[in-house]
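I opened the notebook on this chain today.

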Amino acid sequence: MWFVVPYLLWQVAKATVRLMPVLWRNRTSVTLAALAVWLWHRHGWEVLALVAGVAGATVGVWWWQWRPWCERFVVLPALSWWQRLFVYQLHWREAMTVCRLAERFDGKLNVPRLLRVRCTYATDEVVLRMPRGQNPDDYHAAAANLAYSFGARICRVYSGRRDMPPTRRGRWAWLLRLVDRVRYRDRPRVVWLVFVRRDPLRRTVPAFDVPETTDLEALPLGLREDLVRYVLRLLATHVLIVGATRAGKGSVQWSLIRALAPAIRSGLVRLWGIDPKGGVELSLGRQLFSRYEYATVPPMVAMLEELVAVMRERQARMQGKTRAHTPTLDEPLYVLMVDEILALVALLQDVDLRTRAKAALAMLLTQGAGLGVLVVGATQDPRKEVVELRDFFPTRIALRLNEPNHVDLVLGQGSRARGALCDQLSARPSMRGIGYVVLDDRPEPERVRFAYVTDDEIRDMAVAYAAPEVVKPKPAPIPRQGRHTNKQKHTAGPLLPDSLAGLLDEDPA
Ligand SMILES: Nc1ncnc2c1ncn2[C@@H]1O[C@H](COP(=O)(O)OP(=O)(O)OP(=O)(O)O)[C@@H](O)[C@H]1O
C-alpha cells in the first residue's frame, strides 16, 4: 500500500497545476469570493453586508460624478465579468462542440480556448485561441450558429485586433511602447468574436462638430458597431459609395465634406462637384465647392478634363522631386465629388461625351491618388461600367443594396461571406445611412452608421466654411478623345495604362 501515497500526491500536484491557469483567468471572481468568505467567517454577515453597501454607495457616487470613469473601471468590467461567467464560460464547451468548432485528436476533444470577454453596452467581444487545424474562415462559417447559441442575433468574426496601439508620449513612453509591442503583436491563432447584444446603430447619429483642423488621415464620418467613431483616411485614396436609392449616400458625402470644411476654407483642399442629378444633392452647399457643375453634361466633362490637366501639370512639377504629394496652400488637395458616377460612364446618350468622360475619369483614378487629386464617386447601381472602375477605388462604402451578389461586386469577392450583409439592411426610413466598409487593417467589413447632416447644418456650414475665390486656371489644351485606333492608343495618353485603354476601345454603340 505504500505506493498509494506518492500516487495520490502526484494526482493532487497534477490537478493543482491544471487549476492554476483557471484560477488565474478567474482571478477577480476568486479574489472577491475569497474576500467575502473571509469577511463572513471572521466578522459575520452584518459586516459583509455593510462592506457591500458601502462599496455600492461608492460606485453610485462615482457614477453620478464621473460617469465615464465609472463606466470604464467599474460598470463595464463588472458586466464583462458577469457575461464571461454566466453566458460564455457556462455554455462554452457545449456551444463549441455543437457548432463543430471543437476538434478531436488522439481521443481528446480540443475546444477553442476562451481567453477574454470585454463588453460595451451593445456588444460582447470574446477572444479565443483556435485549436490546431482551424482558421478564421471556420468561424465565419459558424458565425450565425454561434450568435444564436449565445443568445445574440449577430456574431461578427475578426481575425485581428480591432483597436490600434495607442500613441504614447511622455517619460515612460518607450516602456509603454515596448509593452504595446507585446500586447499588439500579431497572433494568427487568436480570433475575436463580437456578439451584438443590441443594435447600437438604431438611432440616427447626429452630425459631428466641424473639427478645428482637418486631419486628412482620420476624417470622422460615422459610428461603428462598437460605438467607436469610424474615421476615413482620405490621403491617397479614391472613395466609391454605392447604395440603393434613398439608402443615405448623401450622409456619407456631407459627413466627409463636413470633416473637410476647415481645410476647404483655408484652401488646403479644393472641392469640385459634379451633380448630374440636376444639383439636387450638392447644391445646398454650393459655396463649399471651388468648381461645381450640375445643369448640362458638356461642362461636366470639360471639368473632368480640366482636372486631368491640373493633375498632369502637377505631375510635371513633381517629376524627379518627390514621389508622394503633400497638400499645401500652393499645391492643394483636389477632391472631386461626383454624385451619380453612372450618369457619366454609362447613362450618357452622347457617345463622344461618354467616351471623353470615361477617359478622364480613368486617368484621374489611375494617376490621381499619388498626385493629390482624389475622386469620391457615388452611385445607386453597381452595374458593369461601375464595377469595371471599382478596383481603382481603394476605399469602398456599401450602403443598403438590392441584391446579395451586389455586395461582392462593390466590396470585393467574399465580403458578404465575411459579414457584409448590405442586402439585409433595413429600408425603413429610420434606418438609413447604415452601411459596411472595409477597413485598412483587416479583411472583415465593419458596419457603420454615417452621421446625418441636416439641410440647415449644410447651409450654415456653407456660409461659415465657404471656399476661397480661386483664379481660374488657364485651360490646358486637352487632346480630344474620340475612338482610338491602335496607333493612337500608344501616342495619345501616356497616363493611361493599356488595361484602361482597352476599356475605352469598346465599341460605344
Ligand atoms: N445617416 C442617416 N441617418 C438618418 N437618416 C438618414 C441618413 N442619411 C439619409 N437619411 C434619410 O434618408 C433620406 C435619403 O437620404 P439621401 O438623399 O442621402 O439618400 P441617397 O442614397 O443619396 O438617395 P438617392 O439615391 O435618391 O440620391 C434623407 O432625406 C434622410 O431623411
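Before using the record, I note that UniProt positions follow the numbering used here, feature names are shortened, and annotations may be inferred rather than shown by experiment. The model itself is predicted.

**Entry 1: the annotated binding site.**
I looked up "binding site" in UniProt. The unreviewed entry places the feature at Gly-243, Ala-244, Thr-245, Arg-246, Ala-247, Gly-248, Lys-249 and Gly-250.

Where is Thr-245 found? I located Thr-245 in the loop between β9 (239-242) and α8. Is Thr-245 buried or exposed? Thr-245 counts as exposed because it has 10 C-beta neighbours inside 10 Å, and the cut-off for exposed is 12 or fewer.

Ala-247 is also found in the loop between β9 and α8. I counted 25 other C-beta atoms within 10 Å of Ala-247, so this residue is buried. The cut-off for buried is 20 or more. Which residues does Ala-247 contact, leaving aside its neighbours within four places in sequence? I listed Leu-399, Arg-400 and Arg-432.

**Entry 2: the ligand shell.**
Next I went to the ligand. I found 15 residues surrounding the ligand. The closest are Gly-248, Gly-250, Ser-251, Gly-433 and Tyr-452.

Which element gives the largest share of the shell? Helix α8 (residues 249-266) does, with 3 residues. I sorted the shell by class and got 3 nonpolar, 8 polar and 4 charged residues.

**Entry 3: the whole chain.**
I read off 509 residues, of which 35% count as buried. The secondary structure comes to 16 helices and 16 strands. Along the principal axes, the C-alpha atoms fill a box of roughly 100 × 55 × 50 Å.

I also checked the contacts between residues at least 6 apart in sequence. Of these, 70% join residues at least 24 apart.

**Entry 4: the annotated transmembrane regions.**
I returned to the record. The unreviewed UniProt entry gives "transmembrane region" for residues 22-40 and 47-66. I compared both spans with the model.

Residues 22-40 are 95% helix and 0% strand. Their end C-alpha atoms lie 25 Å apart. Residues 47-66 are likewise 95% helix and 0% strand. Here the end C-alpha atoms are 28 Å apart.

I noted three domain ranges: domain 1 (29-65), domain 2 (78-198) and domain 3 (219-505). How far apart are the centres of domain 2 and domain 3? Taken over C-alpha atoms, 36 Å separate them.

The contact takes 12 residues from domain 2 and 9 residues from domain 3. On the side of domain 2 that touches domain 3, strand β5 (residues 154-158) gives the most, with 3 residues. I classed the residues on this side of domain 2 as 5 nonpolar, 5 polar and 2 charged.

**Entry 5: a hairpin.**
Last, I looked at a strand pair. Strand β3 (residues 113-119) and strand β4 (residues 123-129) run antiparallel, joined by 6 bridges. They form a hairpin with 3 residues between them. Which residue in β4 stands opposite Val-117? I found Val-126 there.

Key
Residues are numbered from 1 along each chain as its sequence is written. This is a predicted model: local features need pLDDT of at least 70, side-chain atom pairs count only at pLDDT 80 or more; totals for chains, interfaces and linings use all residues. Helices (H or I, at least four residues) and strands (E, at least two) are DSSP runs, numbered from the N terminus. Two residues are in contact if their C-beta atoms, placed from the backbone, lie within 7 Å. Domain bounds come from an automatic or database domain assignment. Ala, Val, Leu, Ile, Met, Phe, Trp, Tyr, Cys and Pro count as nonpolar, Asp, Glu, Lys and Arg as charged, and the others, Gly among them, as polar. A residue is near a molecule or strand if its C-beta atom, placed from the backbone, lies within 6 Å of it. Two strands pair if DSSP finds at least two bridges between them.
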